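Please read the points below beside the coordinates.

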Amino acid sequence: MEIVNLTPHALVVGGEDGSGLAEIPPSGILPRAREERTQVGTVEFNGASVPLNETFFGEIQDLPEPEEGTLLVVSFVAWQAAGGREDLVVVDQAVRDDEGRIIGVRGRPPP
């Protein structure tokens, strides 16, 4: 199985017991979902009128076609926008360092 990282960050993946650790560098391909924002109201805060928005994500751009034997790691928004493609995964069970930075992942969420 080949895993291609379509996120902007290197990913360290491995088994739950710490075995099989490997770093997967970013591929340079960044799929994005088209974003639509609509102002639905405002709130007054500290003398300013702050907009309240709803954001919807639509058509996905720059997503490679599926390839047999290849998993593509994408952002959660891209995963949702792609509508359940079986070759797409998002990271799950983040492993963090002492400062809270994500340094690895242990799995993927259920479909």
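1. Basis. This is a predicted model, in which local features need pLDDT of at least 70 and side-chain atom pairs count only at pLDDT 80 or more, while totals for chains, interfaces and linings use all residues. Residues are numbered from 1 along each chain as its sequence is written, and side-chain values use heavy atoms, with hydrogens and water left out.

2. Core. The largest nonpolar core has 11 residues, among them Val-4, Leu-6, Leu-63, Leu-72, Trp-79 and Leu-88. Such a core is a set of buried Ala, Val, Leu, Ile, Met, Phe, Trp, Tyr and Cys residues joined through side-chain atoms within 4.5 Å. Buried means under 20% relative accessible area, exposed over 50%, and partly exposed in between (1.4 Å probe, protein chains only). Leaving aside residues up to four places away in sequence, Leu-72 touches Val-4, Leu-6, Leu-63, Pro-64, Arg-85, Asp-87, Leu-88 and Val-89 (contact: heavy atoms within 4.5 Å).

3. Aromatic pair. The structure holds 1 aromatic pair. Phe-76 and Trp-79 form this tilted pair, at 5.4 Å centre to centre and 40° between the planes. Rings of Phe, Tyr and Trp (its six-membered ring) pair if their centres lie within 6.5 Å; planes under 30 degrees apart count as stacked, over 60 as edge-to-face and the rest as tilted. Trp-79 is buried at 14% relative accessible area, whereas Phe-76 is partly exposed at 43%.

4. Positive phi. Asn-46, a residue other than glycine, has phi near 55° and is exposed, with a relative accessible area of 74%. Asp-62, also not glycine, has phi near 65° and is exposed at 57%.
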